[in-house]
Amino acid sequence: MAGSNKTNITPPRWLLAELTYACPLQCPYCSNPIDYAKHQSELDTEDWKRVLTQARKMGAVQLGFSGGEPLTRKDLTELVKHARDLGYYSNLITSGYGLTEEKIIQLKEAGLDHIQISIQASSQELSDHIAGTASFQHKKEVAHLVKKHGYPMVLCVVIHRENIHQMPEILAMAEELGADYLELANTQYYGWAHANRDLLLPTKEQFEQAEQIAQDFKEKVAGKMKIYYVVPDFYEDRPKACMNGWGTTFLTIAPDGMALPCHSARELPGLDCPNVKDYSIEQIWNESKAFNFFRGYEWMKEPCSSCDEKEKDFGGCRCQAYLLIGDMYAADPVCSKSPNHAVIQEAIDSARASALADNEKPLIFRNSKNSRSLS
Amino acid sequence: MSINPDLTIKFSPMHRLQWEEAQQKDVILYPEGMVELNQSSAEILKLCDGTRKLAQIVSDLEQKFATSGLANDITAFLEVALKNGWIQQN
């Protein structure tokens, strides 16, 4: 297959299995691609089993069953069982929508290790509005059931301008539900979140206030609840070390079988991402053009190539460089050393202007109708 | 947090300890994370099965490796393990 075989390739450790793009929720910051409605085909059960087996053999051990909503797959329990037999540590990343006690027990018996439930806000009205579906009460019931059946419970709340003011209530809700882990994920502005950025990006003051509240809470619950705080990189001086470096650790398989170095990589031009129906995971990881594209440092331009921090952040996120300045080889514009850093302040200013406007445009919800009209 | 010598120690049911063939290492797995263990840490944790107290773990390991004076190192590691939630006492 095309591409070069580089030396010093580390094996994948984390596998994200996006089983489907189908989802009953319509969150306007969804990480699925805008044009997801075009990619309707899904791998079958045997394809997924083969992928899990091949990736495990290479050394992948952390496994996320994701989507869309993975519960919409009829073969989920069978895949969980296969993953457990192979020795994966597996996580169900779910909206909780449609999850029953019977299913929770069945998945536990099949060997599922933990369940990550997303809740959109701390109040029913806002959570149901953001989800685009009445789901808040059911999600809270599911959270109780997850605890009842002995799973570590991970609560995930995506933070943005519509809910950032609820930070104290969100933390209280996590405590009340008995979350073992709380992921406070500041929105990352790709795909749907990029399209809705003016409405979702908080101001710096909002962000700083919420972060302080979260940090104080982290100390208060130390030893009882672990907090994962995903920083909003628009308010940082240096980019995130995206994916721990391209093709070093993370492997995402999209519903149609496309293998991606990160879940947004489908949007980058000319990568020719390979499909698991055509190649083995070992071929894809070691030999494909896509997985070798940004491995190492040779692809970098200035200011990255001579930067003494390049081994720390790998030049930041390729998808963000492409999305914001149209050049996937450029430094992530979040970096203050980037000649294009001004686009970040422009985005912040634009969002602030939108927040202060009298008639702010409505959020674009993630659904098939909007997917088709935007792509 | 310190180890109570009068209570048994067990590995947390919210974590998993397993041998990773690809890495040739024992690891602890938990939501969103993995800790790679060196051999001595793994040997200690494998004895945290809910039947042994601190003194028993020390004497079992001293016997296994035909040595003595391990108490301080083992206690220090178990305190780290307790703080990280890898083990429990009750």
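**Exercise 1. The sheet of chain A**

In what order do the nine strands of the open sheet in chain A lie, and which kind of pairing do they have?

*Solution.* A quick note before we start: this is a predicted model.

Step 1. Walk across the open sheet from one side to the other, and you pass β7-β6-β5-β4-β3-β2-β1-β8-β9 of chain A. The pairing is mixed.

Step 2. Now look at the two ends of that order. β7 (226-230) and β9 (259-260) of chain A are the edge strands, and each has a single partner, so one side of each has no neighbour in the sheet.

Step 3. β7(A) runs parallel to strand β6 (residues 181-186) of chain A, and five bridges join the two.

**Exercise 2. Two helix pairs in chain A**

Work out how α6(A) and α9(A) are oriented to each other, and which residues meet there.

*Solution.* Step 1. Begin with the geometry of the α6/α9 pair. Helix α6 (residues 167-177) of chain A packs against helix α9 (residues 204-220) of chain A at an angle of about 25°, and their axes are 9 Å apart.

Step 1. Turn the angle into a word. Angles under 35 degrees count as roughly parallel, and α6(A) and α9(A) are therefore roughly parallel to each other. Their crossing is right-handed.

Step 2. List who touches whom. From α6(A) come A:Met167, A:Pro168 and A:Leu171, and they meet A:Ala210, A:Ile213, A:Ala214 and A:Phe217 of α9(A). Sorted by class, this contact has seven nonpolar residues, no polar ones and no charged ones.

Step 3. On to the second pair. The axes of helix α2 (residues 76-86) of chain A and helix α3 (residues 101-110) of chain A come within 8 Å and cross at roughly 25°.

**Exercise 3. Chain B from end to end**

Describe the make-up of chain B, and compare its radius of gyration with that of a compact globule.

*Solution.* Step 1. Count the elements: chain B has three helices and six strands. Along the sequence they follow the pattern β-β-β-β-α-β-α-α-β.

Step 1. Check the size. A compact globule of 90 residues would have a radius of gyration near 12 Å, and chain B, with 13 Å, agrees with that. Its C-alpha atoms fill a box of roughly 35 × 30 × 20 Å along the principal axes.

Step 2. Find the open sheet of three strands. The order is β2-β3-β4 of chain B, with antiparallel pairing. β2 and β4 (33-37) of chain B are at the edges with a single partner strand each, so one side of each lacks a neighbour in the sheet. From one strand to the next, the twist averages 30°.

Step 3. Strand β2 (residues 16-20) of chain B and strand β3 (residues 25-30) of chain B pair antiparallel over five bridges. In β3(B), B:Ile28 is the bridge partner of B:Leu17, and B:Lys25 is the bridge partner of B:Glu20.

Step 4. Look at the turn. β2(B) and β3(B) make a hairpin with four residues between them, and B:Gln24 in that turn has a positive phi of about 55°.

**Exercise 4. A helix pair in chain B**

Are α2(B) and α3(B) roughly parallel or oblique to each other?

*Solution.* Step 1. The axes of helix α2 (residues 54-64) of chain B and helix α3 (residues 71-83) of chain B come within 10 Å and cross at roughly 125°.

Step 1. α2(B) and α3(B) are therefore oblique to each other, and their crossing is right-handed.

Step 2. B:Leu54, B:Ile57, B:Val58 and B:Leu61 of α2(B) meet B:Ala71, B:Ile74 and B:Thr75 of α3(B). That gives six nonpolar residues, one polar and no charged.

**Exercise 5. Where the chains touch**

How many residues of chain B are in contact with chain A, and which strand of chain B gives the most?

*Solution.* Step 1. 12 residues of chain B are in contact with 16 residues of chain A.

Step 1. On the chain B side, β2 and β3 each supply at least two residues. β2(B) gives the most, with three residues.

Step 2. By class, the side of chain B that touches chain A has seven nonpolar, two polar and three charged residues.

Technical notes. Residues numbered from 1 in each chain as written. Chains lettered and ligands numbered in written order. Predicted model: local features only at pLDDT ≥ 70, side-chain atom pairs only at ≥ 80, totals over all residues. Axes fitted to C-alpha atoms, helices over the stretch in contact; angles between N-to-C directions. Parallel < 35°, antiparallel > 145°, perpendicular 65-115°, else oblique. Left-handed = near helix turned anticlockwise from the far one by under 90°. Contact = placed C-beta atoms within 7 Å. Nonpolar A, V, L, I, M, F, W, Y, C, P; charged D, E, K, R; others polar. Pairing = 2+ DSSP bridges. Rg over C-alpha atoms; globule rule 2.2 N^0.38 Å.
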